[in-house]
Amino acid sequence: MQKSAIELNNIKSKYIKYMSDFFKNSDLTRNQAETIINDTLITKDDGELYLQDSVVESITLDDGKIKNTSYAKKYGMGLRGVVDDVVAYSHTNSVSKQSLLDASENINSTLKNFKSKHHDNSIRRSNENLYTNHNPINAKSLKEKIQLLHQVDQYLRSKSPLVKQVTASITAEKKFIEIVKSGGATFSDSQPTTSFRASIMMKNGSKNTQGSYANGGRFLFDEYINESNWKKVCDEAFRQAENNLDARKAPAGQMDVVLNNGWSGVLLHEAVGHTLEGDFLYKKSTLFHDKIGEQIANDQITVIDQGNYNGGRRGSLNFDDEAEKTQRNILIDKGKLVGFMHDRLSARLTSNKPTGNGRRQSYQHAPMPRMTNTFMMNGKYSREEMIKSVKKGIYVDALGGGSVDIVSGQFNFTVSNARLIENGELKENVEGATLIGSGSDVIKNISMVGNDLELDNGFGMCGKSGQTVQVGLGIPSCKVAMTVGGSKV
Amino acid sequence: MLKNKKFLEEQASYCVDRLINKLGATDCEVVVANAVSETIEFRNKKIESSDRSDTLAIGVTSYIGKRKSSTSLSYIDKKNTDMMLEKVIEVTKITPEDQFNELPDKELLIKDYDDLLLFDESEINNQEKIKYLKEVEEEALSNDGIIKTNSSSFSQSKTNFIFQNSLGLSTGYKNSSFSYYTDLLAKKNGSGTERDYEYDSKAFINELMKPNELGKIAAERAIRKLNPKKIKTQSIPIMFEPRIANSLLSTLSSAISGSSFARGTSFLKEKLNKKIFSNDIDIIDDPRIKKSMYSKPFDDEGVSSEKIYLVKDGVLKNLKLGSYYSKMLNMKSNGRSSGLTNTYFTNGKKSCEELKKSLSKYILVTETMGGFGNTTTGEFSCGAAGVYYENGDSYSINNFTLGGKLEDMFMNLVLADDLKFKYSKNSPTALIQEGLIVGGQ
């Protein structure tokens with residue numbers, strides 16, 4: 001049984017590109033590595049060797065000067081063995097025979113008292129080619145990037161004498177990974193990322209305000225950072241800071257909130273997305289663990305997580321960090337909870353198929369179910385209709401970040417920019433608001449879904465259990481009743 | 001096995017020598033660190049996962065005149081190190097000059113210092129880690145209302161590092177940490193599920209809180225949260241538990257950084273040597289506490305750090321300074337380039353009970369969500385959960401917000417006398433009688 005599974009897989013993947021040969025300068029040959037992996041994993045239910053060779057270049061301009069140029073290399077491997085629901089992981093930055101043998105011994109020692117029932121090394125293979133394997137660091141010279149950051153600084157400072165501080169950065173990552181399964185199946189991918197961020201501070205009298213915006217993705221540098229793109233990012237950062245100059249204290253209490261489209265999807269990500277991750281399903285720790293098939297929201301609401309979304313999205317991967325193909329997963333269909341996001345472990349423990357959501361921050365981390373690009377489908381209302389329908393509330397046109405407690409579903413968000421709504425009309429800017437609620441309430445309390453779905457601009461970072469991965473998200477404008485925390489009763 | 005001092009020194013010297021003598025750097029700083037850690041996660045009477053990590057990393061900052069750049073790399077081999085050193089020099093040459101880019105003044109660098117006892121030779125193997133976590137879980141489950149462990153883990157981490165710079169400084173030490181926590185789920189008589197946690201982390205294994213004590217505290221906290229009610233929007237005295245009150249020190253730490261003063265982005269920018277708290281408040285940062293895992297006799301630029309008052313009698317006395325921003329501000333680095341170390345409020349005059357008795361109603365905040373104030377705008381806003389007290393009656397509350405201004409919170413802060421050292425930032429129970437608005441229904 002175990003043997004035949006290995007034989008079936010004993011064909012080298014056609015996606016192997018050998019862009020970085022981890023075994024070239026090592027005393028460990030590919031064949032030896034495969035033998036150690038086989039010997040270790042044949043007695044386990046699942047596992048793999050994950051190798052990573054990545055370089056991040058970042059350049060930061062601050063206070064009118066280039067403050068930091070840095071170039072960081074991350075290199076190493078992690079071996080994972082899984083039996084039943086027990087995971088053993090061992091990683092090191094040394095790719096050598098001894099290191100792999102040590103890792104193997106460590107895993108065997110953790111798992112020695114657990115018996116494998118079924119060794120499964122089959123993978124749902126991917127045919128995706130969602131991004132080019134170019135090197136985003138070399139796409140522009142360092143000189144050009146430095147020059148561009150100075151241009152950004154001048155552009156933002158020329159917009160108003162009240163602009164007192166500008167910070168801008170360009171970060172590019174070249175990441176090459178390889179996954180080796182028992183049986184020798186090998187999967188490799190090169191995952192480029194580029195991002196650009198601008199933050200400003202404005203000061204009027206004793207009042208300080210901030211604005212920050214960014215863009216990025218797995219695309220060619222010039223497609224993200226051309227003149228019209230970087231100016232758009234700057235304009236949005238400026239708009240946020242400028243609007244807050246005359247902002248009043250935000251009101252506190254329960255009220256209607258109209259969220260703008262795009263980045264407000266972070267609310268969906270925190271309040272709903274995390275609670276639908278498969279590890280919380282088999283641990284029964286999410287409040288939705290026994291709600292599959294039930295109506296958990298009104299029928300305007302359909303939520304998707306799609307790891308193979310085209311167009312250089314940050315959350316997109318040709319295959320996930322367990323080599324499973326990424327795909328479009330419907331989580332909530334017209335208000336009904338229909339699925340969770342799984343890695344191989346949570347899929348096996350809940351008798352589901354993997355959904356391509358097994359992700360990890362780096363070789364130093366074991367994979368777990370994570371979101372990719374998470375968004376809500378369009379409804380029928382225009383944003384104007386929503387604002388018109390609100391007697392007293394706020395319109396949020398820039399949401400900050402947030403977090404959620406999976407068990408209770410309680411979440412919170414900071415609001416970067418908002419305006420009061422009174423009797424259907426937009427009024428003055430308000431600042432210092434926080435939005436809170438519980439995930440199960442908020443999806444019930446979304447009363448109007450807009451027809452203007454937009455994905456975010458490409459700067460989402462998501463943290464879970466100490467691991468950070470980049471994600472995409474999106475939402476149409478929405479009207480929802482929730483608690484706003486301001487400093488005015 | 002943790003790499004020994006000699007091996008790390010060889011790597012560091014190699015980089016310094018190469019940068020200065022072969023590649024044309026005028027100055028440099030190199031840190032070589034080896035970290036080995038082992039973690040066990042435990043749930044429902046059995047191990048959930050094991051993780052072993054062994055990394056050797058090199059961090060390099062190179063200077064060519066007033067040009068500066070940095071690189072970090074996972075150590076692979078000499079050839080790869082050479083390549084990265086060449087790269088950092090190439091980038092340094094292109095990076096524009098900045099007059100404040102230079103190594104710290106030589107007289108500020110660390111010389112001799114007392115052994116702070118930061119390394120415990122003990123090895124806690126995985127079986128022993130499991131024993132700790134088992135005991136925690138058994139104690140927790142013996143409390144009526146605790147249904148299971150959401151997650152728990154025990155980590156042992158050991159690090160050895162060497163720091164060298166081109167002024168001839170070569171120093172470093174080993175440190176260790178042993179940490180464990182449990183996060184529990186509570187549910188009782190048809191209530192919803194709530195969770196809460198407790199953790200402890202020490203440089204020496206025998207200083208850790210006992211597992212039954214840790215399990216008991218976590219259980220009591222989770223049970224205390226059951227059946228939460230909602231509250232109305234109002235203005236009411238707010239009391240923060242020590243584990244929340246210490247966030248005030250994190251917020252202060254970011255507001256008094258050299259960078260936020262030099263760049264003008266702190267709401268406290270004009271407040272050096274001025275009153276920001278009431279007369280009763282003192283805040284100390286002490287990098288030299290023995291056996292504390294947060295102690296650092298020198299910072300990541302090799303600058304010696306001593307015990308200082310950040311706030312004395314309510315007046316802001318010192319900033320958090322590294323060498324770059326201290327030069328920009330025309331001040332001297334106080335060895336805080338890698339941040340504050342053991343930071344604490346000194347005790348207030350009244351006991352927690354006395355403070356509580358003086359109030360007819362108040363909220364005890366036991367949990368906050370989101371940031372703890374914006375140090376540029378000075379605005380404070382977050383989500384919270386806690387306990388509502390009124391005339392001897394009390395109940396759990398959640399899903400409310402706190403909003404106000406940091407300036408008012410600082411000025412109105414009153415501290416109890418129950419300070420304990422547990423975290424890097426430590427506070428007694430804190431009371432803010434006026435200035436915070438509770439947002440609810």
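Predicted model: local features only at pLDDT ≥ 70, side-chain atom pairs only at ≥ 80, totals over all residues.
## Where two chains meet

Two residues are in contact when heavy atoms of theirs lie within 4.5 Å of each other. On one side, 69 residues of chain B take part, and they are in contact with 68 residues of chain A. Putting the two chains together buries about 5,500 Å², and carbon and sulfur atoms give 50% of that area. Within chain B, the residues that lose the most area to chain A are R263(B), M369(B) and N399(B), which together make up 10% of what that side buries.

Polar contacts cross this interface too: 39 residue pairs are found. Which element of chain B gives the largest share of the side that touches chain A? That is strand β2 of chain B, residues 46-64, with 11 residues. Sorted by kind, the residues on this side of chain B are 19 nonpolar, 32 polar and 18 charged.

## Links across the interface

Five salt bridges are counted between chain B and chain A. One of the salt bridges in the model joins the side chains of R195(B) and D405(A), with N and O 2.7 Å apart.

Over all chains, the whole structure holds 58 salt bridges. In chain A, R344(A) forms one with E324(A), their closest N and O atoms being 2.7 Å apart. The two partners come from distant parts of the chain: R344(A) is in helix α9 (residues 344-349), while E324(A) is in the loop between β10 (303-306) and β11 (328-333). R344(A) has a relative accessible area of 6% and E324(A) has 1%. Buried means under 20%, so R344(A) counts as buried, and so does E324(A).

Chain B has its own example: the side chains of E38(B) and K129(B) meet in a salt bridge at 3.4 Å, N to O. E38(B) sits in strand β1 (residues 27-43) of chain B and K129(B) in helix α3 (residues 126-141) of chain B, so the pair ties together parts that are 91 residues apart in sequence. Both E38(B) and K129(B) are buried. Back in chain A, salt bridges with shared partners join D46(A), R124(A), K181(A), E324(A) and R344(A) into one network.

## A close look at T149(B)

Let's finish with a single residue. T149(B) is found in strand β4 (residues 146-165) of chain B. Its relative accessible area is 2%, so T149(B) is buried. Which side chain makes a polar contact with the side chain of T149(B)? The partner is E137(B), at 2.6 Å.

Leaving aside residues up to four places away in sequence, T149(B) touches F42(B), R43(B), N44(B), E137(B), T182(B), D183(B) and L184(B).

How values were computed. Residues numbered from 1 in each chain as written. Chains lettered and ligands numbered in written order. Heavy atoms only, no water. Helix = DSSP H or I, 4+ residues; strand = E, 2+ residues; numbered from the N terminus. Buried < 20%, exposed > 50% of the residue type's maximum accessible area, 1.4 Å probe, protein only. Polar contact = N/O pair within 3.5 Å; in protein donor to acceptor, adjacent residues only side chain to side chain. Buried area = accessible area lost by both parts, 1.4 Å probe. Salt bridge = Lys/Arg side-chain N within 4 Å of Asp/Glu carboxyl O. Nonpolar A, V, L, I, M, F, W, Y, C, P; charged D, E, K, R; others polar.
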